[in-house]
Amino acid sequence: MKLGAGVPEPFVLFDGTFSSPRLDHAECVVAGSGGDLWCGGEGGQIYRINGHDIEQRASTGGFILGLAFDGQKTLYACDLAAACVWALDTESGALDVFADGVPGHRIIAPNFPLLLPDGSLLVSDSGNAHEPRAGILRFDASGTGEVWHDQPLDFANGLARSRDGSVLFVVESWASRILAIDLDEHHRPAGPFRPHVDLPGCIPDGIAVGPDDALYVGCYEPSAVLRVPGPGDVELVAHDTFAHTLCHPTNVTFRGRLLIAANLGRWHLTGIDIGAHVGDLSDSDD
């Protein structure tokens, strides 16, 4: 394991290898209320994890990619096989198709959903590998949507907003880079996309802004987590050369200073304490 300066060894936060139900190659992880974690599986499963306990709350029968939790009771789930976004009522268990496209743009590969402060939902549509297309859609609470930006993206993937809400970051997986775009007060594009960081030799997947305001990147290949403190700057957090504790990490999320990574290549969640970058920040802080 190669580690960045001051970064402790990554560890298995939740081991779903032999749990019942088994955590089935999670692509995504998102924090819910009360400390719960929500993950999706490659068979369409939607799991809730609380400490050492796991339960399957629903299944689409598809392949769950990114998740977004609205902070109340609705979980949005991108389904690769069904080519749609589902809405799960986490209280009642009701599961309904939220959206499968907008006028003139049928979703091919919905990858990651991001809630905006006005309640609307951005969704990255990766399309097909090496076939760039307009990759970001926006939906209102009813599921009615539009193309948010028409610039062709080469496999749009993870999305994240800066902590002040002024910038949207977008992963272009097959271009091995992350783009940035300014947002206006209505969360609309306020300018063109611009390169934020190039990651040659990497396939970036999921991103999250940490409590230190840096951007953290889960790399499907190599099995690594990177830190991007500013435009063009890249630091190593951890690289598992054996692809074991970190095994093709995809989406990442935060609970205080603890980074949590889903591993598409295995059956567990990985934890990494990034305290070296955030000082004495409490685990209870956002």
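Strands (E) are DSSP runs of at least two residues, numbered from the N terminus. The model used here is predicted.

**Exercise 1.** Describe the second largest pocket and state which strand gives the most to its lining.

Solution. Step 1: the volume of the second largest pocket is about 280 Å³. Step 2: the pocket is lined by 17 residues, and Glu27, Asn111, Phe155, Asn157 and Asp205 are the closest to its centre. Step 3: strand E21 (residues 203–209) gives the most to this lining, with three residues. Step 4: sorted by class, the lining has eleven nonpolar, four polar and two charged residues.

**Exercise 2.** Classify the aromatic pair of tryptophan 38 and phenylalanine 69.

Solution. Step 1: five aromatic pairs are found in the whole structure. Step 2: in the pair of tryptophan 38 and phenylalanine 69, the centres are 6.4 Å apart, with 15° between the planes. Step 3: planes under 30 degrees apart count as stacked, and this pair is stacked. Step 4: tryptophan 38 belongs to strand E4 (residues 37–40) and phenylalanine 69 to strand E7 (residues 64–69), so the pair ties together parts 31 residues apart in sequence. Both residues, tryptophan 38 and phenylalanine 69, are buried.

**Exercise 3.** Determine the geometry of the pair formed by tyrosine 216 and phenylalanine 254.

Solution. Step 1: the ring centres of tyrosine 216 and phenylalanine 254 lie 5.2 Å apart and the planes meet at 70°, so the pair is edge-to-face. Step 2: because tyrosine 216 lies in strand E22 (residues 215–221) and phenylalanine 254 in strand E25 (residues 249–255), the pair ties together parts 38 residues apart in sequence. Step 3: tyrosine 216 is buried at 0% relative accessibility, and phenylalanine 254 is buried at 16%.

Note on methods. Residues are numbered from 1 along each chain as its sequence is written. This is a predicted model: local features need pLDDT of at least 70, side-chain atom pairs count only at pLDDT 80 or more; totals for chains, interfaces and linings use all residues. Side-chain values use heavy atoms; hydrogens and water are left out. On a 1 Å grid over the protein atoms alone, a cavity is a set of points where a 1.4 Å probe fits but cannot get out, and a pocket is an open set with protein on both sides within 12 Å along at least five of seven lines; lining residues have an atom within 4 Å of a point. Grid points are joined across faces, edges and corners, and a volume is the space filled by probe spheres set on the points. Helices (H or I, at least four residues) and strands (E, at least two) are DSSP runs, numbered from the N terminus. Ala, Val, Leu, Ile, Met, Phe, Trp, Tyr, Cys and Pro count as nonpolar, Asp, Glu, Lys and Arg as charged, and the others, Gly among them, as polar. Rings of Phe, Tyr and Trp (its six-membered ring) pair if their centres lie within 6.5 Å; planes under 30 degrees apart count as stacked, over 60 as edge-to-face and the rest as tilted. Buried means under 20% relative accessible area, exposed over 50%, partly exposed in between (1.4 Å probe, protein chains only).
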